[in-house]
Amino acid sequence: MTRDIYGELGVRKVINAAGTYTMVGGSRMSEATLEAMNAAARDHVVLKELQQKVHGRLAELTRNEAAFVTNGAAAALHIAAAACIAKKYGRLYRALSPEQIAKSEIVIHRAHRNPYDWSVRLVGAKIVEVGFPNTILPTTEDDLEYAITENTAAIFYFFMGAGGWMAPGALGFEGTLRVAARHGIPVIVDSAAQVPPVDNLWRLTEMGATACVFSGGKDLRGPQASGLIVGKRELFSWIERTAFPEYGVGRMFKVGREEIVGLLAAVEQYVAMDHGARAAWAERRIASTIAEFEGDPVVSVRRVYPNEAGQPFPQMVISFAKPGCAAEALRQLREGNPSIFTMAADDRSVFVNPMTLRDDEIDAIVSRVGEVKNSL
Ligand SMILES: *Cc1c(COP(=O)(O)O)cnc(C)c1O
């Protein structure tokens, strides 16, 4: 008997048709991951010993020199930034003076500024912006060179596949890596939502990034409150001495043995998964939904690829005939039974992303769209 915890609390379950959005719980853990977390919760272990074993295994699985589990990608960005400052001084972050931290510089492309960079800002270093968030004057390697000084501790790069929401104008990833290599400056990549493709787990560090950050709670399907840093050994001795269970900033980013073990279980499954078969399943479900509404005077369905996170995974956009009806459609889908959560694609269209859906949920969405279309 599984317990209906949400029912007991009077909280409505939603079908997540939006994708791996944190506000509805990101993704669903597999039974194998839940089992690993349950088992981990039952006994005590020495955390550092568990970390060493799991991080070694995660490094192997992701074909990196080193790995570290945090309690989210946002936490990982903060820890990585603090570790870069510590590395620059050759001194623990918690042992640095406020002045030493404040005069350190972290370079970020202006086109990459986004709400997740609070994680980097709060480390206390000076954020040095480079370039413009548009295509009038694309950022050059020289522009990035000029932004580097003796105080530069790191370059933070927000990596996103084509079609993603990032503004244009930044210097390309390879150019950024070239400039950083010339100056021996670490490049930390926020690639939190950049799986799929699975090979981003190793490709970005193989290209030359010092470390890449992934969210454990998005498509990796690990614990919601988990994140993964992978990369080069040279930075990880600093990450290990900055992050939990060390005192200092790391203590604020507590990660439990359940998350550590759960993320490992999830990554094991993710790298072993048949990603081609999964994409083919999504394509079939999209094709059948398009066919379902073929010739419908009110509803039309189209395939979109890549998705708005820049992931090479197909999704659907369902459009209703009435201009400006998207907000009302979202409301009715959310307030209906079952409750369906998604986002607007434009003023009369909504997204349905198969990534977080089961077959029975897609069936339920198709049938609910058939009802909603008549009341818009
Ligand atoms: C989701 C996301 C994060 C935060 O990841 P969490 O694991 O939820 O902390 C950071 N950066 C980007 C670009 C993201 O999409």
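How much space lies in the largest cavity? About 40 Å³. Keep in mind that this is a predicted model.

Let's stay with the cavities. The count comes to two cavities of 30 Å³ or more. The lining of the largest cavity includes L92, Y93 and R94. R241 and T242 also line it, as do Y247, G248, V249 and G250. By class, that lining has four nonpolar, three polar and two charged residues.

The second largest cavity holds about 30 Å³ of space. F68, V69, T70 and N71 are among its lining residues. What is the class make-up here? Seven nonpolar, three polar and no charged residues.

The largest pocket has about 1300 Å³ of space. Its lining has 35 residues, and the closest to the pocket centre are Y6, S27, R28, M29 and R358. Which element gives the most to that lining? Strand 1, with three residues. Helix 1, residues 5–9, supplies at least two lining residues, and so do strand 1 (14–16), helix 2 (31–42) and helix 12 (275–292). By class, the lining of the largest pocket divides into 14 nonpolar, 10 polar and 11 charged residues. Domain 1 (5–24 + 274–375) and domain 2 (44–272) each give at least three residues to it.

The second largest pocket has about 370 Å³ of space. Its lining has 24 residues. Nearest its centre lie Y116, W165, A193, K218 and A309. The classes are 12 nonpolar, nine polar and three charged. For this second largest pocket too, domain 1 and domain 2 each supply at least three lining residues.

Next, the rings. How many aromatic pairs are there? The count comes to two. Take Y157 and F173. Their ring centres are 5.2 Å apart and their planes stand at 45°, so this pair is tilted. Y157 lies in strand 5 (residues 152–158) and F173 in helix 8 (residues 173–183), so the pair ties together parts that are 16 residues apart in sequence. Are Y157 and F173 buried or exposed? Both are buried.

The other pair is F159 with F173. The centres of these rings are 5.2 Å apart, but the planes are at 65°, so the pair is edge-to-face. F159 sits in the loop between strand 5 and helix 8, and F173 in helix 8, so here the tie is between parts 14 residues apart in sequence. F159 counts as buried because its relative accessibility is 14%, and the cut-off is under 20%. F173 is buried as well, with a relative accessible area of 7%.

The charged end of R63 sits over the ring of W202, 3.7 Å from the ring centre. R110 lies over the face of F132, 5.9 Å from the ring centre.

R63 brings us to the backbone. Most residues other than glycine have a negative phi, and most peptide bonds are trans. R63 has a positive phi, near 55°. It lies in the loop between helix 3 (47–61) and strand 2 (66–70). At 53% relative accessibility, R63 counts as exposed. R221 also has a positive phi, about 60°, and is not a glycine. Its place is the loop between strand 7 (211–215) and strand 8 (227–231). R221 counts as partly exposed, at 33% relative accessibility.

Which residues does a cis peptide bond join? F244 and P245, with omega about 10°. P245 is in the loop between helix 10 (233–242) and helix 11 (257–272). P306 is found in the loop between strand 9 (299–304) and strand 10 (315–320).

That's my tour. Over to you.

Key. Residues numbered from 1 in each chain as written. Predicted model: local features only at pLDDT ≥ 70, side-chain atom pairs only at ≥ 80, totals over all residues. Heavy atoms only, no water. Phe/Tyr/Trp six-rings, centres within 6.5 Å; stacked < 30°, edge-to-face > 60°. Helix = DSSP H or I, 4+ residues; strand = E, 2+ residues; numbered from the N terminus. Buried < 20%, exposed > 50% of the residue type's maximum accessible area, 1.4 Å probe, protein only. Lys NZ or Arg CZ within 6 Å of the ring centre and 35° of its normal. 1 Å grid on protein atoms, 1.4 Å probe; cavity = no way out; pocket = protein on both sides within 12 Å on 5 of 7 lines; lining within 4 Å. Points joined across faces, edges and corners; volume = space filled by probe spheres on them. Nonpolar A, V, L, I, M, F, W, Y, C, P; charged D, E, K, R; others polar. Domains from an automatic or database assignment.
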